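I began with a loop residue and then turned to sheets, salt bridges and cores.

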Amino acid sequence: MFNIRPYLRLNLRLFDVDLNVQTTKSPGLTDGMKTYYEDRLIDYAEPQLVHDQFGDEYNIPKHGGKIIEFRKYLPLPKALNQLIEGVTPKGGKLEMSTLTAEVGQYGYYITISDVLELAHIDPQLEQATKLLGSQAGRTLDTITRDVITAGTNVSYAPKVSAAGAETEVLSRADLDDTALLTTRVIFKAAAKLRRMNAVPIDDCYVAIVHPNVSCDLMLSDGWIDVHKYAQPDNIYNGEIGKLGGVRFVESTEARIIGPAAISDGLGVLSVKTAINSSSSSIVINEELTEATPAEPIPVYINGSPNTITAIATTGGNTTLTIGTAVTSLAAGAKITGKGATKSGKAVYCTLFVAQNAYGRTALKNGGLQHIIKQLGSGGTADPLNQRATTGWKATKVAERLVEEYMVRVEHCSETEPYAAAN
């Protein structure tokens, strides 16, 4: 008996490539394959602007000039001498100190042509206005921040050894990566305000802190998250929690101090070629513009103070001439501009404030204004209605009123030790 197997008919032409099929890569059609344009623009993430909310507001009335004078009376001494019966004692007198500040005007604008507004896929005036609003907010916040973080009442976080021993730090340059904002440092800052009889804001002092710092605080014993407050009313803008009688407000605009720029905007350089004998020349990894500075540039080389007197670049290698020869320097060692720590690590400024610590001032009716000039509003200066502008202007000044009512604690951060200055 025969085993008959059925046929399987197979058309081998199915595997032929049809050269006439048009694809998205076909020559002649690629110009028609356009990139899809998402018409919902990506918005910039905006920082929390918090520095104005704890200052006293004193606006100058119209026609009241540009300079405001703040006055405060000095406290009277204790009257510890007993009165003598029937004898009128010598009386005292009031003493007052004054502080003046002059309002400045700030602003910015963007000009947009009529053709750009007609042709561009995005509405230009609308987008320019959003960006200008962001710029105005950050500018006015920074004006206040830079004044209040320049106060004279400053503390430095101590260095902490691996065994937990603390070493006092007396200058910004001597901070290192062990000098952090800890619970102990926070309690000391609050105690410093209490010693000056500084009045809390509502029920607590307030600290303005950077996110790189607050992430460490949230793991501390005693931290109370803002969502767990017993009475979650009157939450400040940017508030994240409470620790040690201090309410913490977070902002990426909290001040960071980085090393000063050495050249080409760079504040930290690294050694390319190790040095094993006395040398006044250092080859670095970065390529810099050749220069002979008018004054030596102050730097730290591997943590020791020095200067740069010349910068030369040959064959892609940049060589620094330094003021004091070095005898030993490893490849990768840091050369940093002055201004932050000796190792080039960023210094974070956490500001602790009480009531009446600082004030902010504007001319009445001279606060933040948004100004739009439509096409055709320029008169003879724009005879063909070709230009429109959008912008803002504001008057403002901030002033520290009572130095003792604010404490700036300077420290480093484990989260981002080399953060850029802001």
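Entry 1. I looked up asparagine 356 and placed it in the loop between β19 and β20 (358–361). The model is a predicted one. I read a phi near 60° for asparagine 356, a positive value in a residue other than glycine. Its relative accessibility is 36%, so I recorded asparagine 356 as partly exposed.

I then turned to aspartate 264, which sits in the loop between β12 and β13 (268–270). Aspartate 264 is not a glycine either, yet its phi is positive, at about 55°. With a relative accessible area of 45%, aspartate 264 is partly exposed.

**Entry 2. The open sheet.** In what order do the 6 strands of the open sheet run? I noted β13-β18-β15-β16-β17-β14, with antiparallel pairing. The edges are formed by β13 and β14 (279–284), each of which pairs on one side only. Neighbouring strands of this sheet are turned against each other by 40° on average, direction ignored.

I examined one pair within it. Strand β15 (residues 297–301) and strand β16 (residues 304–314) pair in the antiparallel sense over 5 bridges. Opposite valine 299 I found asparagine 306 in β16.

**Entry 3. Salt bridges.** How many salt bridges does a search of the whole structure find? The search returned 14. I followed up several of them.

Lysine 396 is bridged to aspartate 52, with the closest N and O atoms 2.6 Å apart. Lysine 396 belongs to strand β22 (residues 387–400) and aspartate 52 to the segment before β1 (56–57), so the pair ties together parts that are 344 residues apart in sequence.

Glutamate 410 forms a salt bridge with arginine 172, and here the closest N and O atoms are 2.7 Å apart. This pair also links distant parts of the chain: glutamate 410 is in strand β23, while arginine 172 is in the loop between β7 (166–167) and α3, 238 residues apart. The relative accessible area of glutamate 410 is 0%, so I listed it as buried. Arginine 172, at 25% relative accessibility, counts as partly exposed.

The side chains of lysine 242 and aspartate 203 meet in a salt bridge at 3.8 Å, N to O. Lysine 242 lies in strand β10 and aspartate 203 in the loop between α3 and β8, so this pair ties together parts that are 39 residues apart in sequence.

**Entry 4. Nonpolar cores.** Which residues touch the most other members of the largest nonpolar core? Among its 35 residues, I recorded Leu181, Ile186, Val246, Phe248 and Phe352. Elements that give two or more residues to this core include α3 (183–195), β8 (205–209), β11 (246–250) and β19 (347–353). The most comes from α3, with 5 residues.

I listed the contacts of valine 246, leaving aside residues up to four places away in sequence. Valine 246 touches Ile186, Ala190, Cys204, Tyr205, Val206, Ala207, Gly241 and Phe352. A second, separate core has 18 residues, including Ile275, Ile282, Ile284 and Ile322.

Conventions. Residues are numbered from 1 along each chain as its sequence is written. This is a predicted model: local features need pLDDT of at least 70, side-chain atom pairs count only at pLDDT 80 or more; totals for chains, interfaces and linings use all residues. Side-chain values use heavy atoms; hydrogens and water are left out. A nonpolar core is a set of buried Ala, Val, Leu, Ile, Met, Phe, Trp, Tyr and Cys residues joined through side-chain atoms within 4.5 Å. Buried means under 20% relative accessible area, exposed over 50%, partly exposed in between (1.4 Å probe, protein chains only). Helices (H or I, at least four residues) and strands (E, at least two) are DSSP runs, numbered from the N terminus. Contact means heavy atoms within 4.5 Å. Two strands pair if DSSP finds at least two bridges between them. Axes are lines fitted to C-alpha atoms, for helices over the stretch in contact, and angles run from 0 to 180 degrees between N-to-C directions. A salt bridge is a side-chain nitrogen of Lys or Arg within 4 Å of a carboxyl oxygen of Asp or Glu.
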